[in-house]
Amino acid sequence: MGLPMDPNLSEIHVPSGPTSVQQGQSFEGLTLQQLILRKDDLEVELKALGAVLDSHGVTMQTSLTTFDGFPRSDIDVAQVRVTRARIISLRNDWKDLMDRIEKGLHQHHAKYQQSDDYKNSLLQPEQLPSTASQPTPSVPETPFARVNSIEPGSPANEAGLKSGDLIRRFGTAIWSNHERLRKVGEVVSQNLGRPIQVKVSRDAGSGTQELDLRLTPRQNWGGRGTLGCHIVPV
């Protein structure tokens, strides 16, 4: 799932940089939104390739030879080798995409900080000219994580979170400081039994909803963890 919250993303072209060449992939000239969609496609393919290895009962590190150096006869060695090579290539492409997406998001924020909307938001109400007395729509914070799954009866389910929601704020964790979701873990551990503000963007079919939820982490709710949901970075 991409980032539908801001049409301006489709206008941001990420600066050139080194690209992965194992499979001839090139990400030059793609907009930020296109890069995010490509990243999502790579993650789907990586998951499928991981399932192929699982079907053989091997990992990326499992030896494909017997103790005396012969190819194992209990697995399809050729297929496993091809699958591993593809996974390595896609992982390199994924890393390249993430670097480009990070640059694009920085560019997106830098552009916004130079806009009149951002400058006006820094002014105190009494400093605003009378012609600006009418409220202007706020620009939503950039999503940094996506809800992959929700457990029934969990704290996340009770808070109203749904699979596919894009998280823009999780307590004090936002796009600029979440550190691959490490900050989210800190917020959860420091707020057991206390409500956490969670802002999300939700695809409503006809548009995007911006929701402000309250999620209270707790133990012994009947399932694993204290939230009951799986969150991944975007």
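## A pocket between two domains

The second largest pocket lies between domain 1 (32-120) and domain 2 (145-233), because both domains give residues to its lining. Please keep in mind as you look around that this is a predicted model. The volume of the second largest pocket is about 320 Å³. Its lining is made up of 16 residues, and those closest to the centre are Met98, Glu102, Trp175, His178 and Arg180.

Which helix gives the largest share of this lining? That is helix α2 (residues 77-113), with eight residues. As a general point, a probe the size of a water molecule, rolled over the atoms, shows where empty space is left.

## The overall fold

Stepping back to the chain as a whole, you will find five helices and five strands. Followed along the sequence, they come in the pattern α-α-α-β-α-β-α-β-β-β.

The chain has 234 residues, of which 37% count as buried. If you take the contacts between residues at least 6 apart in sequence, 63% of them join residues at least 24 apart.

Now let's turn to a helix with a buried side. In helix α5 (residues 182-190), the buried residues are Val184, Val187 and Val188.

What covers the buried residues of α5? The cover includes two strands, β2 (166-170) and β3 (196-203). On the face of α5 turned away from the buried side, you will find Ser189 and Gln190, which are exposed.

Is Phe144 buried or exposed? Phe144 counts as buried, because its relative accessibility is 1% and the cut-off for buried is under 20%.

Along the sequence, Phe144 and Ile174 are 30 residues apart, while in space their C-alpha atoms are 7.0 Å apart.

Methods:
Residues numbered from 1 in each chain as written. Predicted model: local features only at pLDDT ≥ 70, side-chain atom pairs only at ≥ 80, totals over all residues. Heavy atoms only, no water. 1 Å grid on protein atoms, 1.4 Å probe; cavity = no way out; pocket = protein on both sides within 12 Å on 5 of 7 lines; lining within 4 Å. Points joined across faces, edges and corners; volume = space filled by probe spheres on them. Helix = DSSP H or I, 4+ residues; strand = E, 2+ residues; numbered from the N terminus. Domains from an automatic or database assignment. Buried < 20%, exposed > 50% of the residue type's maximum accessible area, 1.4 Å probe, protein only. Contact = heavy atoms within 4.5 Å.
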